[in-house]
Amino acid sequence: MHLATLTLLALILGNGADPQPAANVVEVSAAAADLHPDRYQQFTRFDAQGEQELLRLTNRHRAKAGLRPLQLNSALTTAAREHAARMAARQELSHQFADEPGLQQRLSELHLDHEGENVALDEDVDSAHDGLMHSSHHRENVLRADYNVVGFGVARVGARIYVVEDFGHSLPTYAAGQAEDIISAAVDRARGSGRQLQRAAAPQLHDAACAMAGQDRLNPKGVSSQGRPRYVLTYSNMQADSLPSNMPKILADASLRGYAVGACYAHTRTYPNGVYFVALALY
């Protein structure tokens with residue numbers, strides 16, 4: 001008998017949507033042959049071919065919707081497989097078990113500003129994907145326009161598969177010097193038609209930015225700079241080229257002549273997916 005999709009769960013982070021289970025849930029007793037060791041670390045039966053097929057099916061639907069394809073990401077695949085193994089070991093669907101960090105922490109190796117997850121239990125990847133696409137919340141993850149990376153985990157236990165799809169919007173990361181150059185270019189653009197400011201070298205600002213990263217908090221009083229800056233700004237942002245909302249007003253000050261910038265990228269408890277801590281002095 002065709003089992004159909006047994007259970008589906010969807011998680012979307014970053015947009016406030018609440019995960020909803022699929023309407024049809026079929027209870028099926030577990031056969032002895034389906035039982036798996038309790039320790040998820042012992043799990044080895046991943047269906048790599050099924051994971052590739054899910055990527056193909058997912059990108060086919062995105063193409064039909066006029067969306068860019070998702071790129072398979074090894075770190076997301078590792079996270080998806082580990083969570084699939086946990087579900088297989090427990091024979092239970094969940095987005096987070098009691099002994100497991102949340103999705104954002106599980107994906108903290110990546111620089112993501114949005115992430116989401118689908119999980120399903122079924123008998124094959126075609127049925128699992130079909131069930132996901134007929135559930136609005138799961139379909140939303142598959143067809144979310146700003147997602148650009150994905151990882152799949154398919155754990156097989158007997159005649160069933162536990163499926164995890166981890167999605168994200170990955171942002172580029174830059175070394176400190178590159179990030180500071182990008183911030184400098186953003187300052188020049190924001191200055192607009194006014195007199196362009198001269199950029200000064202200030203290694204102490206980089207040190208101040210890294211100190212804030214180490215403390216996981218902004219600290220404008222800890223910023224020291226040569227000369228007497230008219231403004232000292234400290235801020236954090238996931239995108240190096242994004243300036244604080246008050247920057248246009250500050251840069252409209254006709255008395256400004258120059259600036260210096262320091263930046264430090266870090267993963268912290270507050271920002272598990274990584275952020276740039278920035279110290280900016282304007283003279």
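The buried residues of helix α1 (buried meaning under 20% relative accessible area, with exposed over 50% and partly exposed in between, for a 1.4 Å probe and protein chains only) are Gly 50, Glu 51, Leu 54, Leu 55, Leu 57, Thr 58, Asn 59, His 61 and Arg 62. The structure is a predicted model, in which local features need pLDDT of at least 70 and side-chain atom pairs count only at pLDDT 80 or more, while totals for chains, interfaces and linings use all residues. Residues are numbered from 1 along each chain as its sequence is written, and side-chain values use heavy atoms, with hydrogens and water left out.

Helices (H or I, at least four residues) and strands (E, at least two) are DSSP runs, numbered from the N terminus, and the chain has 8 helices and 9 strands. Of its 283 residues, 48% count as buried. Among contacts (heavy atoms within 4.5 Å) between residues at least 6 apart in sequence, 72% join residues at least 24 apart.

Helix α1 covers residues 48–64, and its 17 residues reach 25 Å from the first C-alpha to the last, close to the 24 Å expected at 1.5 Å a residue, where the expected span is 1.5 Å times one less than the number of residues. The buried residues of α1 are covered by elements including α2 (74–90), α4 (125–133), β4 (149–157) and β5 (160–170). The axes of α1 and α4 come within 10 Å and cross at roughly 35°, the axes being lines fitted to C-alpha atoms, for helices over the stretch in contact, with angles running from 0 to 180 degrees between N-to-C directions. This contact is made by Gly 50, Glu 53, Leu 54, Leu 57, Thr 58 and His 61 of α1 together with Val 125, Asp 126, His 129 and Met 133 of α4.

Strand β4, one of the elements covering α1, is itself mostly covered, as 8 of its 9 residues are buried. Two strands pair if DSSP finds at least two bridges between them; β4 is joined to β2 by 2 bridges in a parallel arrangement, with Gln 71 opposite Val 149, and to β5 by 9 bridges in an antiparallel one, where Gly 153 has Val 164 as its bridge partner. In the hairpin of β4 and β5, which has 2 residues between the strands, Gly 158 takes a positive phi near 60°.

Another 4 strands form an open sheet of mixed pairing, in the order β6-β8-β9-β7. Because β6 (198–199) and β7 (231–237) stand at the edges, each with a single partner strand, one side of each is left without a neighbour in the sheet. Strands β7 and β9 (residues 275–282) run antiparallel and are joined by 7 bridges, with Leu 280 of β9 as the bridge partner of Leu 233. Helix α6 (residues 176–191) lies across β6, β7, β8 (258–266) and β9, at about 135° to β8, and helix α7 (residues 203–215) lies across β7, β8 and β9, at about 35° to β8.

His 111 lies in the loop between α3 (103–106) and β3 (112–122), and this residue counts as buried because its relative accessibility is 4%. Its side chain makes a polar contact of 3.1 Å with that of Tyr 265, a polar contact being a pair of N or O atoms within 3.5 Å, of which, within protein, one must be able to donate a hydrogen and the other to accept it, and residues adjacent in sequence count only if both atoms are side-chain atoms. The side chain of His 111 also reaches the backbone oxygen of Gly 274 at 3.4 Å.
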